[in-house]
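Look at the model below and follow the chain from its start. The paragraphs after it go through the structure part by part.

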Amino acid sequence: MKFMKLGSKLDTFYTAAAVRSVSSEISSDLVVEVKGCRYLLHKFPLLSKSARLQRLCAEPADRSLQPLAVQLPDFPGGPEVFELCAKFCYGMKITVSAHNIVAARCAAEYLQMTENIERGNLVQKLDAFFDACVLTGWRDAIVALQSTKDLATWSEELGITSRCCSAVSAKILANPSKVKAPGSSERKSWWAEDLSALSMDLYRRVLISVKSSGEVPSSLIGEALKVYASKWLPGESKRLNWRQGSKQILILESIIGLLPSERGSISASFLCKLLKAANMLSASPSSKAELAQRIRAQLEEASVSDLLIPCPPQEGTNTLYDVDLVLTIFKLFMLAAQSPPRTPDGYDRRKSRAAEKVNVEFQENNRSASSPASHSSKLKIAKLVDGYLQEIAKDSKLPLAKFLAVAESVSESARPDHDGLYKAVDTYLEAHPELGKSERKRLCSVLDCRRLSMEACTHAAGNEKLPLRVVVQVLFVEHSRTVSSGNHNGSQHAHLPEDTVTVLAAPSTPSCPPEDRCSRTGIKCARTSQLDEAGGKPEGDEAAADWVLGKSCMLKNLCVIPARPRKMLSRLWRVNSRVANERSQ
């Protein structure tokens, strides 16, 4: 870091009785008070270089006071900077660097220490050092720009802030490419980390200048925003400081406004982190909607962990994750996959971004991102949804309606196999043992047993948590596959025992409520009804059930499927073979 030394005399300022004085043979004739701090000084060295002090001393409020007293309540920079200016007037040694040059320049302007008063005055020397040394160095320019936030109004009026922003932007544009970080194999932009030290208003000005040039790849802009967000926004490992909530919301919304319009310039993982932060901070619905739209366009790149968005703690919800927000993203994807490109309702970019000249580019990229998704994309999203279901199913407070809404958000054509969905259903049943028969049946209604693999079917056949009818359907599917693999002809039910077909095809009867059809009692009711119509049932409902369960070896074993699934399957195949042989004879 560069610095400038001025003056040649020794520093003779000292403190006595809470008053700063100058060691001199001449008694003090001027008292200057700066924000509660008093200085006993001399008129001649100060008035010879400051037009403001000349004017104040020429028109004192009370001439009878000796020494003359002057108050500077609005002095920029405070007592420390005033003392630096006073030492310059006395010719004492002072040091100016990027850390204090902004405050010194504002103070010199306040005191009107210009060339009109004396040649080689403080303003001229500071400007020369600022242009020749501070603005030409990267670190010095960043430090000076950062220090302008303490004197924002003065810095703006003097053009210091704009000159620093221009200098920083010019250095980025001169060499914006990535470099290898020391001790790491990762390549990152050399300027992103240093720029993240700036406050958001200054950071935004620099980045808008860089973006508007069109010379920096959008991927580097996205990377710089990611570095800044990781430093200033709350993350999963950071505690949220509610006192800084409004400031962090402003930072978040500014980052959203600076996101590059090009698709792929920002990872889906980073977008999801922004959405998590927006949820934690209770950001505006428009900010969440914009992030949801961007995530929808890159949903294939997202992982299950990216979509596990915690519920805002201030909402007082019992569930661990904000399922409604993620469900909105899934629905947006499916809607865009089935409909022609259009601008989604409620997606309105703020007017302030029009100055960035990115609206047209974003709309063009959004049209391409909204084009109907390919079948492979839908398959990836279906697997993503199933994986997400498996995670949220572990939440014991998750309502069944929300689980089913997520499960049904994927079209049937996008889910060729139901193994992942079955794992999610099984996890939900494990975490919610209090579910009743009707709720378990409703939960299992999303499953298509015909789309389960052999491994999933084997597990389902021994799953005591599943309704009995679902287990029967699984066995039926396994039998059909066995018949198909053996190149048998005929109808799908041709080689099944008559009692099994009766149970599977049993219609709804007044004596058997719909929710009980999957239970043992439901099987009895269904078989009793069938025998009534045939006119040959045994007397009584229990007798009919005993006849059903005793007539067929396969049905008898259905009642103990959870204990012996493999043995039951083998018996089912033997019974079917015997029936087929009897019919052929």
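Helices (H or I, at least four residues) and strands (E, at least two) are DSSP runs, numbered from the N terminus. Ala 197 is found in the loop between helix H9 (192–195) and helix H10 (200–213). Residues are numbered from 1 along each chain as its sequence is written. The model is predicted: local features need pLDDT of at least 70, side-chain atom pairs count only at pLDDT 80 or more, and totals for chains, interfaces and linings use all residues.

The protein has 28 helices and 9 strands. Of its 585 residues, 48% are buried, where buried means under 20% relative accessible area, exposed over 50%, and partly exposed in between (1.4 Å probe, protein chains only).

Is Ala 197 buried or partly exposed? Its relative accessible area is 24%, so Ala 197 is partly exposed. Leaving aside neighbours within four places in sequence, Ala 197 is in contact (heavy atoms within 4.5 Å) with Gln 146, Lys 231 and Trp 232. Val 143 is 54 residues from Ala 197 in sequence, while their C-alpha atoms are 9.2 Å apart in space.

Two strands pair if DSSP finds at least two bridges between them. Strand S2 (residues 13–16) and strand S3 (residues 19–22) run antiparallel and are joined by 4 bridges. Ala 16 has Val 19 in S3 as its bridge partner. The hairpin of S2 and S3 has 2 residues between the strands, and Ala 17 in this hairpin takes a positive phi near 55 degrees.

Next come the aromatic rings. Rings of Phe, Tyr and Trp (its six-membered ring) pair if their centres lie within 6.5 Å; planes under 30 degrees apart count as stacked, over 60 as edge-to-face and the rest as tilted. By this rule there are 10 aromatic pairs. Phe 75 and Tyr 110 have ring centres 5.2 Å apart and planes at 80 degrees, so they are edge-to-face. This pair links distant parts of the chain, 35 residues apart: Phe 75 is in the loop between strand S6 (68–71) and helix H3 (79–90), and Tyr 110 is in helix H4 (residues 101–110). Both Phe 75 and Tyr 110 are buried. Trp 138 and Trp 190 are also edge-to-face, because their planes are at 65 degrees, with ring centres 4.9 Å apart. Trp 138 is buried, at 13% relative accessible area, whereas Trp 190 is partly exposed, at 25%. Ring pairs also link Tyr 39, Phe 75, Phe 82, Tyr 110 and Trp 154 into a cluster.

Definitions and conventions. Heavy atoms only, no water.
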